Amino acid sequence: MKKRIFTFFSALVLCAGLFTGCSGAKKEISSVEELNSPGMKVGIVQGTAAMRAAEEYFTDAQIFYYPIISDGFTALSSGQLDAFVHTEHVIKQYAESNPDITILDEPIAYAEVAVGIKKGNSELEARINEFIAEAEADGTLADMKCRWVD
């Protein structure tokens, strides 16, 4: 049986889709909605935006918390989980080298990611804004979005 994985959100200074993925469940899972049921096991990394979204979305599933991403992937690959939720680009990268993993392309949430700086640090703010403007103008932001978000 093909294992599935679903991704969660992409972390650039952009809005990105949150998704989900499944592992070797006893039956083929074809939708994110199927995972939100008693007996389904969904893994997440502690302290992430994915954790909060998964806790809100998967109210009927059993959620398992992992301190690091690799522990979640190991649990998914070994069949201990039906799904693992994390950023889309990380999940896609993992799925590339793990053909038994597939991605469910149904969003479970959206997240905006931003850069925070100390109030009053106008020099750093100006440098960040300059970098963003240059990266936008020369196509670097579009390229990053294409590689890591889309």
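V115, I117 and L124 form a nonpolar patch on the surface, with about 220 Å² of accessible area together. Members of such a patch have over 30% relative accessible area and no salt bridge, and nonpolar side chains (Val, Leu, Ile, Met, Phe, Trp, Tyr) are joined within 5 Å. A salt bridge here is a side-chain nitrogen of Lys or Arg within 4 Å of a carboxyl oxygen of Asp or Glu. Areas come from the Shrake-Rupley method with a 1.4 Å probe. I117 sits in the loop between β6 (101–112) and α5 (122–137). I117 counts as partly exposed because its relative accessibility is 31%; buried means under 20%, exposed over 50%, and partly exposed in between.

This is a predicted model: local features need pLDDT of at least 70, side-chain atom pairs count only at pLDDT 80 or more, and totals for chains, interfaces and linings use all residues. Residues are numbered from 1 along each chain as its sequence is written, and side-chain values use heavy atoms, with hydrogens and water left out.

Now the whole chain. It has 6 helices and 6 strands. These are DSSP runs, with helices (H or I) of at least four residues and strands (E) of at least two, numbered from the N terminus. From that end the order is β-β-α-β-α-β-α-β-α-β-α-α. Of the 150 residues, 40% count as buried. The accessible surface comes to about 8500 Å², and carbon and sulfur atoms hold 53% of it. Among contacts (heavy atoms within 4.5 Å) between residues at least 6 apart in sequence, 64% join residues at least 24 apart.

The largest nonpolar core has 17 residues, and L35, V42, F58, V85 and I108 touch the most other members. Two or more residues come from each of α1 (32–35), β3 (41–45), α2, β5 (83–86) and β6. Another core, of 12 residues, lies apart from it and includes L81, F84, Y94 and I101. A core in this sense is a set of buried Ala, Val, Leu, Ile, Met, Phe, Trp, Tyr and Cys residues joined through side-chain atoms within 4.5 Å.

Turn to the helices. An α-helix has 3.6 residues a turn, so residues three or four places apart point the same way. In α2 (residues 49–57), A50, A53 and A54 are buried. They line one face of the helix, because seen down its axis they fall within an arc of 100 degrees. That arc is taken from the directions from the helix axis to the C-beta atoms. The face turned away carries the exposed residues R52 and E56. A49 also lies in α2. A49 counts as partly exposed because its relative accessibility is 30%. A49 and Y110 are 61 residues apart in sequence, yet their C-alpha atoms are 9.6 Å apart in space.

Helix α3 (residues 69–77) buries G72, F73, A75 and L76. Their arc is within 160 degrees, so they line one face. S77 lies in this helix too, and its relative accessibility of 23% is why it counts as partly exposed. S77 and D100 are 23 residues apart in sequence and 8.0 Å apart from C-alpha to C-alpha. After α3 comes G79, with a positive phi near 90 degrees.

In α4 (residues 88–96), E88, V90, I91, Y94 and A95 are buried. These fall within an arc of 165 degrees, so they line one face of α4. Q93 and E96 are exposed on the face turned away from the buried side.

Notes
Patch = residues over 30% accessible without salt bridge, like charges linked within 9 Å, V, L, I, M, F, W, Y side chains within 5 Å. Buried < 20%, exposed > 50% of the residue type's maximum accessible area, 1.4 Å probe, protein only.
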